Structures are given as structure tokens and as C-alpha cells.
Amino acid sequence: MKRVIVISTSLRRGSNSDMLADQFAAGAKAAGNEVEKISLVGKNIQFCKGCMGCQKLGRCVINDDVNDIMVKVLKADVVVWATPIYYYEMSGQMKTLIDRMNAMYSLDYHFRDIYLLTTAAEEEEETPKRAETGLMGWIDCYPKSRLAGTLFCGGVNDAREIEGNAKLNEAFELGKNV
């Protein structure tokens, strides 16, 4: 059994990327894993100040929801990021959370496998590449971890447009294989 953390970064409940996150989580649970989904909806996540106090404290000096999220990520075996693609990049709230996880660099972490689930209005294969590159910058800071898989669903723009899409089944299967 693995501990799986699924972070849904869309600020719209029931969004297309949120639905991919739910399906991945359902697949991981069906495979017998311990799964927790963290939605950034309603979370207080402030911008990094660049003070580097986190490197001395092992946590961020800003008192918001990030420190609690970091503790869960540190203890996870698998971390899954789900994001809508905005202007060919990860959502701003995902980038902000990644920036704020700077405190984790010097701490012991358990996660080895990282997954990226993306949705976008554009359908071209290269659409999620910048988001993948940005996430790789974070992954590279954790040499025992790797990008274990990605899933992109293009051509979805309106809320819940992904319903009935085969990519939901793919997300479930991907989750079952963590």
C-alpha cells in the first residue's frame, strides 16, 4: 500500500482537471492505496517572499495553508498534480504552491513517483509541455523522485466538458497502477 496525495490546483470545483484528479484517486483507492485529495479551492496560499527563512526553519515563515500541505506531501509515496493549462502553462496557483514548497528541499521526503494530469481547451500534443517542464524543475530538486506519468486531455474548455471522455478512464487506470 502506498500513500498517494492528489493535489487538484483548479480553483473551480468539479472542473475538468478536478474530475481527472478524482478519477486518478478512485483508481489508486481501488488498487488498495491510501489516497488523500487536496483541493486548492478555498486554501490560503500566499506568494513566496524569497526570504529563505524556510531553509533554517524547515517550514515556511508565512502562516497559511502551505505548511500543512507540505507535511502531507513529504510523507506521501506518490504525488499527483492536476492542473488546467492556462496559456500553455500550469495554473498560477500550482506554480505558487510549488514555489512555497521551498522548505522541503532540505527535508527528508518519501515520494518517488510524481504524476501530472492536465486539461486544456487546446488539443495539440505540445500544449502541456511547458507545464511538464515547470514541474520538472521542482522534481529535479528531489533526486530520488521521478516523473512517473502524465495524462493530457485537450479540447475541453467549458465546465465539466470532460464528462464521458475516455481520458477519465485513462486517469482511473493510471491511478490503479501507482
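This is a predicted model: local features need pLDDT of at least 70, side-chain atom pairs count only at pLDDT 80 or more; totals for chains, interfaces and linings use all residues.
Me: At what angle do α1 and α6 pack?
Reply: Helix α1, residues 16–30, packs on helix α6, residues 166–176, at about 40°. Their axes are 6 Å apart.

Me: Which residues make the contact?
Reply: Helix α1 contributes M19, L20, Q23, F24, A26, G27, A28 and A30. From α6 come K167, L168, A171, F172, L174, G175 and K176.

Me: How many of those are nonpolar, polar and charged?
Reply: The contact of α1 with α6 comprises 10 nonpolar, three polar and two charged residues.

Me: Changing topic: which residues of α4 are buried?
Reply: In helix α4, residues 92–100, the buried positions are Q93, M94, T96, L97, I98 and R100.

Me: What do they pack against?
Reply: The buried residues of α4 pack against the strands β1 (3–8), β3 (78–84) and β4 (113–120), and against the helices α3 (66–75) and α5 (129–139).

Me: Which residues touch the most other members of the largest nonpolar core?
Reply: That core has 34 residues, and those touching the most other members are V73, W81, M101, M104, F111, L135 and W138.

Me: Which elements supply it?
Reply: Two or more residues each come from β1, α3, β3, α4, β4 and α5. Helix α3 gives the most, with five residues.

Me: What does F111 touch?
Reply: Leaving aside residues up to four places away in sequence, F111 touches V73, L74, A76, D77, V78, V79, M104, W138, Y142, K144 and S145.

Me: What other core is there?
Reply: Another core, of 21 residues, lies apart from the largest one; V4, M19, L20 and A82 are among its members.

Me: On to the backbone: what is the phi of M52, and where does M52 lie?
Reply: M52 has a positive phi of about 65° although it is not a glycine. M52 lies in the loop between β2 (34–39) and α2 (53–57). Its relative accessible area is 45%, so M52 counts as partly exposed.

Me: What about the phi of Y87?
Reply: Y87 also is not a glycine, and its phi is positive, at about 50°. The residue is found in the loop between β3 and α4.

Me: Is Y87 buried or exposed?
Reply: Y87 is exposed, because its relative accessible area is 80%, where over 50% counts as exposed.

Note on methods. Residues are numbered from 1 along each chain as its sequence is written. Side-chain values use heavy atoms; hydrogens and water are left out. Axes are lines fitted to C-alpha atoms, for helices over the stretch in contact, and angles run from 0 to 180 degrees between N-to-C directions. Helices (H or I, at least four residues) and strands (E, at least two) are DSSP runs, numbered from the N terminus. Contact means heavy atoms within 4.5 Å. Ala, Val, Leu, Ile, Met, Phe, Trp, Tyr, Cys and Pro count as nonpolar, Asp, Glu, Lys and Arg as charged, and the others, Gly among them, as polar. Buried means under 20% relative accessible area, exposed over 50%, partly exposed in between (1.4 Å probe, protein chains only). A nonpolar core is a set of buried Ala, Val, Leu, Ile, Met, Phe, Trp, Tyr and Cys residues joined through side-chain atoms within 4.5 Å.
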